[in-house]
Amino acid sequence: MTIDPDKTALFLDKDLEMSTFAVRPEACPFFRFIEKKGYCSVHATRPGICRDYGCWRILILDSRGRRAGRIMESRHLSSDDPILLAIFAERSHLLEKLPDSDWDDAVIRMLRSAGYVVRT
Ligand code: SF4
């Protein structure tokens, strides 16, 4: 494993390291938590067990059944799908005030209406 070049500063930040492990003392040494989001600082070269782990609440598949994205933690979208990212960029602010369960329902409806398959 090697530290991702774009996460070197996150990994080396001692204050961030202390705040991450103050809240999550059993977290992986490569994990960092900042502004309500978690980051794997070795994401590009993370071990196979991490690649296989389904750390998502909502799985989003495209029309061919390929993984398009995941909703992780309460409302974090992880995706490389440009259409999915655009949908979230354009519409997710409309859902911000919803309670979590209503947010999930609204996001699932939004994704299905855009042609995605959603698994929870
Ligand atoms: S994905 Fe694996 S290597 Fe990365 S932070 Fe999580 S447990 Fe650590």
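Predicted model: local features only at pLDDT ≥ 70, side-chain atom pairs only at ≥ 80, totals over all residues.
Residues are numbered from 1 along each chain as its sequence is written.

**Overall layout**
- The chain has five helices and six strands, with helices (H or I, at least four residues) and strands (E, at least two) taken as DSSP runs numbered from the N terminus.
- Read from the N terminus, those elements go α-α-β-β-α-β-β-β-α-α-β.

**Burial and contacts**
- Of the 120 residues in the chain, 11% are buried (20 or more other C-beta atoms within 10 Å of the residue's own; 12 or fewer is exposed, in between is partly exposed, and C-beta atoms are placed from the backbone).
- Take the contacts (C-beta atoms, placed from the backbone, within 7 Å) between residues at least 6 apart in sequence: 40% of them join residues at least 24 apart.

**The nonpolar core**
- Six residues form the largest nonpolar core: Ile60, Ala68, Ile71, Val107, Leu111 and Tyr116 (a core is a set of buried Ala, Val, Leu, Ile, Met, Phe, Trp, Tyr and Cys residues joined through C-beta atoms within 7 Å).
- At least two residues of this core come from strand S4 (67-72), and at least two from helix H5 (100-113).
- Setting aside neighbours within four places in sequence, Ala68 contacts Ile60, Leu61, Asp62, Ser79, Asp81, Leu84 and Tyr116.

**Around the ligand**
- Cys28, Phe30, Phe31, Cys40, Val42, Arg46 and Cys50 surround the ligand, each with its C-beta atom, placed from the backbone, within 6 Å of it.
- By class, that shell splits into six nonpolar residues, no polar ones and one charged.

**His76**
- His76 sits in strand S5 (residues 76-79).
- His76 counts as partly exposed because it has 13 C-beta neighbours inside 10 Å.
- Not counting residues up to four places away in sequence, His76 touches Lys37 and Ile71.
- Lys36 is 40 residues from His76 along the chain, yet their C-alpha atoms are 8.9 Å apart.

Definitions and conventions: Contact = placed C-beta atoms within 7 Å. Nonpolar A, V, L, I, M, F, W, Y, C, P; charged D, E, K, R; others polar.
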